[in-house]
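Thank you all for making the time this morning. I would like to take you through one model, and I will keep to its sheets, a pair of helices and some of its salt bridges.

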Amino acid sequence: MGKVQKKKEALIQKLSQEMKDNGGLMKTSQLYELPMDYRKIQQFVEEGILEKVKSGYYGMGFSAKSEEAMVSELFSDGVLCLETALFYRGYSRHRPVFWQIAVDKNTSKSRFKINYPPVKPYYLEPDILMLGAEKFSMGDGEMYIYNVERLICDCLKFEEKLERDVLKQLLRQYIEEPQKDIQKLMEYARIRRVMQKVQNRIGVWL
């Protein structure tokens, strides 16, 4: 093996380890620190060693991963919400076309300019973003998802954006749920300003 090839193999090995340490995704600035220059990055992309996942981000073997693994790596600071969360919570049988993810309103909007996986962000105030958020296993990693009480409040707040049957199913299942936390539901309803809707729609059944 020639000197150039040995140097290349060593760089690929180092790159592979760095990718693993970074969850399979690295920024251009991180690649520059390896060090790799723009030409070397482009060469590795052309040779199939690197994949350009989105503007400014590269991966190795990223396209072979499931959507769940991609989302948990790309948006680990977000929270699955609305119909996406209902699906993963078992309150809906229909997987939404878009991944609905609640994020800090101050996060860079360029993060979501990707073709795949299809993501629909919801920008929220930082002080309410993690209200009712819980960690759960998804793909090869973890992701935040809202608990059912938070989901009810958000679904009532944005009910015009949901299928009517989806909301009806959620409320019906919650009323029959033995582990429901009414105190928590009312607390969230007050914070999310849907107290009247909660009392009108399910208060009579509680």
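What you see is a predicted model, in which local features need pLDDT of at least 70 and side-chain atom pairs count only at pLDDT 80 or more, while totals for chains, interfaces and linings use all residues. Residues are numbered from 1 along each chain as its sequence is written, and side-chain values use heavy atoms, with hydrogens and water left out. Helices (H or I, at least four residues) and strands (E, at least two) are DSSP runs, numbered from the N terminus, and two strands are said to pair if DSSP finds at least two bridges between them.

Let me start with the open sheet of 3 strands, whose order is β1-β3-β2 and whose pairing is antiparallel. Here β1, residues 25-27, and β2 are the edges, and each has a single partner strand, so one side of each has no neighbour in the sheet. From one strand to the next the twist averages 40 degrees, where angles run from 0 to 180 degrees between N-to-C directions and axes are lines fitted to C-alpha atoms, for helices over the stretch in contact. Between β1 and β3 there are 3 bridges, and Lys-27 has Tyr-57 in β3 as its bridge partner. Helix α1, residues 3-21, packs on this sheet and touches β1 and β3, with its direction at about 105 degrees to that of β1; contact, here and below, means heavy atoms within 4.5 Å.

Strand β5, residues 99-104, runs parallel to β6 over 6 bridges, and Asp-104 stands opposite Leu-124.

Turning to the helices, the axes of α5 (residues 82-89) and α7 (residues 148-157) come within 10 Å and cross at roughly 145 degrees. On the α5 side Leu-82, Ala-85, Leu-86 and Arg-89 take part, and they meet Leu-151, Asp-154 and Cys-155 of α7.

Finally, which residue forms a salt bridge with Arg-111? The partner is Asp-77, with the closest N and O atoms 2.9 Å apart, a salt bridge being a side-chain nitrogen of Lys or Arg within 4 Å of a carboxyl oxygen of Asp or Glu. Because Arg-111 lies in the loop between β5 and β6 and Asp-77 in the loop between α4 (67-74) and β4 (79-80), the pair ties together parts that are 34 residues apart in sequence. Arg-111 counts as buried at 14% relative accessibility, whereas Asp-77, at 37%, is partly exposed; buried means under 20% relative accessible area, exposed over 50%, and partly exposed in between, with a 1.4 Å probe and protein chains only.
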